[in-house]
Amino acid sequence: MRMYDLITKKKHGEVLTDEEIQFMITGYVNGDIPDYQMSAMTMAIWFNGMNDHEITELTKVMAKSGDMIDLSAIEGKKVDKHSTGGVGDKTTLIVAPIVAACGGKVAKMSGRGLGHTGGTVDKLEAIPGYRTVLDRKEFFDTVNKCGVSVIGQSGNLAPADKKLYALRDVTATVDSIPLIASSIMSKKLAAGSDCILLDVKTGSGAFMKTLDDSIKLAQTMVAIGEGAGRRTVALITDMDTPLGFGIGNSLEVMESMDVLKGHGPEDLTEVSLQLASNMLYLVGKGTPEECRAMAEKAIEDGSAFETFCTMVKAQGGDDAVLRDYTKFAQAPFKLDVVADRDGFITKMNAEEIGETSVVLGAGRETKESDIDFSAGLVLHKKFGDAVKKGDSLVTLYTSKEESLKNAERMYREAVTIGDTQPEKEPLVYARVEKDKVEKY
Ligand code: URA
C-alpha cells in the first residue's frame, strides 16, 4: 500500500477502506508517513469529506493508537464532557462539581488552550498548588473520594490525534467535520467513561460558524459515541458572544466559583445548569426536569462549591483562593476601554476577543509561551446592552504593560456599537440525541 495512492483516491472523493485508514494512521504515528503527505491527505479530506463509516473507522484507529483507559476501579457510572472550544468557556469547572455533588462520577481529562480558545487545564493551574498530573491510581482514588477529578490528558491518550491535531493547526485543516469529530471522539472513547455529553459551540468564536454545520458535527459525534456503546448527547450552545464576563485563567476560576456560590452571570449559570442536568440524565439520575432541580439544589445548598474545594485540596491546591479572590496573584497593569459613542452593542466577535486575551498573556502565542494566569479581560457590556459615551466596555488585565495599547485596538475592532438594539440570541440552540434533533 502507498500513501501516494490513498491521497489520490481522497483527492478524487473516493472512499478509503478500513485497511487503508489503519495503514495511514499507524504509518503516520510511527513516522513512516511524513507530515507533508499527511497534510495533503487532511486537505483532501477537508475538501471531499468522509462518509460515516470512514469517520467511525478513523476514530476507532485513532483511539486505539494509545492507552484505552479502564475506569472500572471507579464505582458508579462515569460521565465525561467535552466542549468543542470557546472563549470564556469555563463550564467544566462548574458542571463537574455539580454532577459529582449529585452522585455522578466525573473522571475527566482536559486539554490546554488552543489558538483563541481557552483550556480547562490552564485554568485549573491558576489555582496555586493544583496538580493536573496524577498517576492512574491517584486519579481513580480522587474520583472515588470526591466524585470528581479533573487532570490533564496523559501523554499516551490518542497519540495519533495529538500528532494530527498539531499538523492540522498549522495547515488550516482544523475546521473539518470528519477531522474534528474523529479527533474529539477518539479521545473520549480512549478516556473510558460510560456516557458523554458534548457541548458543540456555534458562532463567531467557535470552529463551526453556522448552526447547520454545528448540528451536523453533533450528529456525527453522537453516532460515533452510540456506535461504540457509550450513551452520548450533544447540546449546541452559543459562542457568538463569550460566555460570562471573565476571560483569562484566574478570572475564569473566580467567575466559576461565583456560579457555584449562586451569584454568577445569568448566561453562564443557565448554560452550566443545562449541561449538568443532561449529564445527570445520562447517568440515570432521573427525568430531565428532576435532574435540573437536583443541579439547581447543588448550587443553592453549597454542596457543588464544597465538592470543588474538596477536589482542589485532594489535588494539592489551595482552596483559600476560592473563598477569598484577593489571594490570587493580581495583574500589575489594567486599562478600561470606554465607549466612544452612545448606542447598543450590536456585534461582538468572540474569536477576536479571544485573540485579545492571548495578546494580554492569557493564552500562548507560541507552543513554548508561558501563560500569565492573572491576565485577561472582564467585560462590562455584552451583546445587546445599551451603552453611553464614556462607559467602560471592558477592563484589560496584564503583566505586560506594552500589550495594553494593541489589546485596546483589537478589542475596539471586535466590538461594534450601533444605533438599534439587536435581538438577543438563544444560549442553547438545539439538543442532539441518537436519531433525534430538538431545536429550541
Ligand atoms: N477540539 C478537539 O479536540 N479537536 C478538534 O479537532 C477540534 C476541537
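How many bridges join strand β9 to strand β11, and do they run parallel or antiparallel? The legends below take up this point and others in what is a predicted model.

**View 1. Strands β9 and β11 side by side.** Strand β9 (residues 376-379) is joined to strand β11 (residues 392-398) by 4 bridges, and the two run antiparallel. Look for Val378, which stands opposite Thr395 in β11.

**View 2. Helix α3 and its packing partners.** Helix α3 (residues 35-48) has 14 residues, which at 1.5 Å a residue should span 20 Å; its end C-alpha atoms are 20 Å apart, so the two values agree. Its buried residues include Gln37, Met38, Met41 and Ile45. The buried residues of α3 pack against α1 (3-11), α2 (18-29), α8 (159-169) and α9 (177-191). After α3 comes Gly49, with a positive phi near 70 degrees.

View 3. Among the residues around the ligand are His82, Thr84, Tyr165, Ile180, Ile184 and Phe207. For your distance checks, a polar side-chain atom of Lys187 lies 2.5 Å from a ligand oxygen atom, and one of Ser183 lies 2.6 Å from a ligand nitrogen atom. In the side chain of Arg168, an N or O atom is 2.9 Å from an oxygen atom of the ligand.

Note on methods. Residues numbered from 1 in each chain as written. Predicted model: local features only at pLDDT ≥ 70, side-chain atom pairs only at ≥ 80, totals over all residues. Heavy atoms only, no water. Expected span 1.5 Å × (residues − 1). Buried < 20%, exposed > 50% of the residue type's maximum accessible area, 1.4 Å probe, protein only. Contact = heavy atoms within 4.5 Å. Pairing = 2+ DSSP bridges. Near = heavy atom within 4 Å. Polar contact = N/O pair within 3.5 Å; in protein donor to acceptor, adjacent residues only side chain to side chain.
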